[in-house]
Amino acid sequence: MNVNLFITLPLITTLMIMLVPPDSKKSIKYISLTSVSLLLAYSLYFLVEYYKATLIFDQGNQYFNIIFQCRKSWFHSLGISYFVGVDGISVLMILMTSVI
């Protein structure tokens, strides 16, 4: 599960819109609609997969684990790393952001 898609897809969409000539408004609308649709579908998939995973591993406890995570070491000597993860509240915020 790639969590970085929620960060990179809007950036890629922005770059694509910047490359389209301003007078072709239909192309801009289709690019935006495609991106928003992909993000919404991916966030719904994320929501379903997250709650499937918590049903399997949670066993009735009232806590949320970080299920989907991406950890990359940027500057190992300085101890700087990139970490993105999704827990119970984050998966709902991702869905809300995709709808808005």
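1. A word on surface patches to begin: they are made of residues with over 30% relative accessible area and no salt bridge, where like charges are joined within 9 Å and nonpolar side chains (Val, Leu, Ile, Met, Phe, Trp, Tyr) within 5 Å. A salt bridge here is a side-chain nitrogen of Lys or Arg within 4 Å of a carboxyl oxygen of Asp or Glu. Accessible areas come from the Shrake-Rupley method with a 1.4 Å probe, and for residues only the protein chains shown count as cover. With that in hand, Trp 74, Phe 75, Leu 78 and Ile 80 make a nonpolar surface patch of about 470 Å².

2. Some ground rules before going further. This is a predicted model, in which local features need pLDDT of at least 70 and side-chain atom pairs count only at pLDDT 80 or more, while totals for chains, interfaces and linings use all residues. Residues are numbered from 1 along each chain as its sequence is written, and side-chain values use heavy atoms, with hydrogens and water left out.

3. The chain has 3 helices and 2 strands, arranged along the sequence as α-α-β-β-α. Helices (H or I, at least four residues) and strands (E, at least two) are DSSP runs, numbered from the N terminus.

4. Now the two strands. S1 (residues 68-75) and S2 (residues 80-86) run antiparallel and are joined by 7 bridges; two strands pair if DSSP finds at least two bridges between them. Phe 68 has Val 86 as its bridge partner in S2. The strands form a hairpin with 4 residues between them, and Gly 79 in the turn has a positive phi of about 75°.

5. The cut-offs are under 20% relative accessible area for buried, over 50% for exposed, and partly exposed in between (1.4 Å probe, protein chains only).

6. Which residues have the most contacts inside the largest nonpolar core? They are Val 3, Phe 6, Phe 46, Phe 68, Val 86 and Val 91, in a core of 14 residues. Two or more residues each come from helix H1 (5-19), helix H2 (25-58), S2 and helix H3 (88-99), and H2 gives the largest share, 5 residues. A nonpolar core is a set of buried Ala, Val, Leu, Ile, Met, Phe, Trp, Tyr and Cys residues joined through side-chain atoms within 4.5 Å. In soluble globular proteins, nonpolar side chains tend to be buried together.

7. For the chain as a whole, buried residues make up 26% of the 100 residues. The accessible surface comes to about 7400 Å², and 69% of this belongs to carbon and sulfur atoms. Of the contacts (heavy atoms within 4.5 Å) between residues at least 6 apart in sequence, 52% join residues at least 24 apart.

8. Is Asn 4 buried or exposed? Asn 4 sits in the segment before H1 and counts as buried because its relative accessible area is 17%. Setting aside neighbours within four places in sequence, Asn 4 is in contact with Cys 70, Tyr 82 and Val 84.

9. Not counting residues up to four places away in sequence, Gln 69 touches Val 3, Phe 83, Val 84 and Gly 85.

10. Finally, Asp 87 lies in the loop between S2 and H3. With a relative accessible area of 23%, Asp 87 is partly exposed. The C-alpha atoms of Asp 87 and Ile 66 are separated by 4.5 Å, while the residues are 21 apart along the chain.
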